[in-house]
Amino acid sequence: MHQIIDETLGINLLHANQAGADHNRAHFDEWGITCLNVMSSPGAGKTVLLEKTLAALTDALKIAVIEGDMTTELDADRLRQYGVPVIAINTGRACHLDARMVAGGLHTLSQTHTPTDLDLVIVENVGNLVCPAEFEVGEHAKVALLSITEGEDKPLKYPVMFREADVLVITKVDLAPYLDVDLSRIEANVREINPQVTIIAVSAQTGAGLEAWFDWVRAAVKPSQLAAAH
Ligand SMILES: Nc1nc2c(ncn2[C@@H]2O[C@H](COP(=O)(O)OP(=O)(O)OP(=O)(O)O)[C@@H](O)[C@H]2O)c(=O)[nH]1
Ligand SMILES: [Mg+2]
């Protein structure tokens, strides 16, 4: 009985969240903004990848970040150094951002910046390999990160995020010589549950693979915006 009630509650929650996500996406579309939802387990390298991305792309694209963390503005402060608007959202006990929180972040952002001036909003979700993938926030694409230190089996053990991902960024490949890890096994495990996913292997430390990631981001931003930026 409890389980049935819990399941109904869960479905209603996801249903309400989906409506909020659709609402956010409608705003993004109206404003001509592409939104990426960046997700991974804690410490896979989301913020470092965003630091590299901001350093490389802020000349060509107008970017804002919505930074989700349970507590602290540590990541938000790191990203603010790149001169872009960063809205920090502390989720408290919640292990993911939801559509309502992101709507609040967009409201805050719109008080200081004209949304139609922006090309790209990057959401860094709370570090968690399970919950963020269940709650859409209105993104146009889901970016999942998996660092090579986490183990080749993770896509199979935590399939939801990897199934939902449009792109998988395998991070920290500079550490491969020190680990007993087979990169091709990670890729095969991901493809088993998501054959279409784009896979990009990077090292934020050596810079390997970052150009391919930047190219993916540029392509994700709608062509009309790229045209308008020129
Ligand atoms: N060797 C190596 N270390 C990396 C790389 N990318 C990130 N790291 C390190 O991994 C640690 C975590 O990086 P973050 O970018 O803070 O990870 P995160 O996913 O944002 O973490 P949370 O926001 O807490 O979930 C830091 O010590 C980084 O320096 C990489 O490419 N190579
Ligand atoms: Mg982070």
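This briefing walks through the overall build of the protein and then a few of its helices and strands. The model is predicted. The protein has 9 helices and 7 strands, and 37% of its 230 residues count as buried.

**Overall build**

- A compact globule of 230 residues would have a radius of gyration near 17 Å, and the protein agrees with that, at 17 Å.
- Along the principal axes, the C-alpha atoms fill a box of roughly 55 × 50 × 35 Å.
- If you count contacts between residues at least 6 apart in sequence, 76% of them join residues at least 24 apart.

**Helix 7 and what covers it**

- Which residues of helix 7 are buried? In this helix, made of residues 183-193, they are Ile186, Asn189 and Val190.
- These residues cover an arc of only 95° around the axis, which puts them on the same side of helix 7.

**Strands 6 and 7**

- In what sense do strand 6 and strand 7 pair, parallel or antiparallel? They pair in the parallel sense, over 4 bridges.
- Within this pairing, valine 167 stands opposite threonine 198 in strand 7.
- Together with helix 7, strand 6 and strand 7 make a β-α-β unit, and the unit is right-handed.

**Helix 2**

- Helix 2 takes in residues 46-57, and at 1.5 Å a residue its 12 residues should span 16 Å; the C-alpha atoms at its ends are 16 Å apart, which agrees.
- Its buried residues are Lys46, Thr47, Leu49, Leu50, Thr53, Leu54 and Leu57.
- Looking down the axis of helix 2, you find the buried residues within an arc of 155°, so they line one face of the helix.

**Isoleucine 11 in helix 1**

- Isoleucine 11 has its place in helix 1, which covers residues 2-31.
- Is isoleucine 11 buried or exposed? It counts as exposed, because it has 10 C-beta neighbours inside 10 Å, and the cut-off for exposed is 12 or fewer.
- Isoleucine 11 and alanine 220 are 209 residues apart in sequence, and their C-alpha atoms are 30 Å apart in space.

Definitions and conventions:
Residues are numbered from 1 along each chain as its sequence is written. Chains are lettered from A and ligands numbered from 1 in the order in which they are written. This is a predicted model: local features need pLDDT of at least 70, side-chain atom pairs count only at pLDDT 80 or more; totals for chains, interfaces and linings use all residues. A residue is buried if 20 or more other C-beta atoms lie within 10 Å of its own, exposed if 12 or fewer, and partly exposed in between; C-beta atoms are placed from the backbone. Helices (H or I, at least four residues) and strands (E, at least two) are DSSP runs, numbered from the N terminus. The arc is that of the directions from the helix axis to the C-beta atoms. Two strands pair if DSSP finds at least two bridges between them. A crossover is right-handed if, with the strands pointing away from the viewer, the path from the first strand over the helix to the second runs clockwise. The radius of gyration is taken over C-alpha atoms; the globule rule is 2.2 Å times the number of residues to the power 0.38. Two residues are in contact if their C-beta atoms, placed from the backbone, lie within 7 Å. The expected span of a helix is 1.5 Å times one less than its number of residues.
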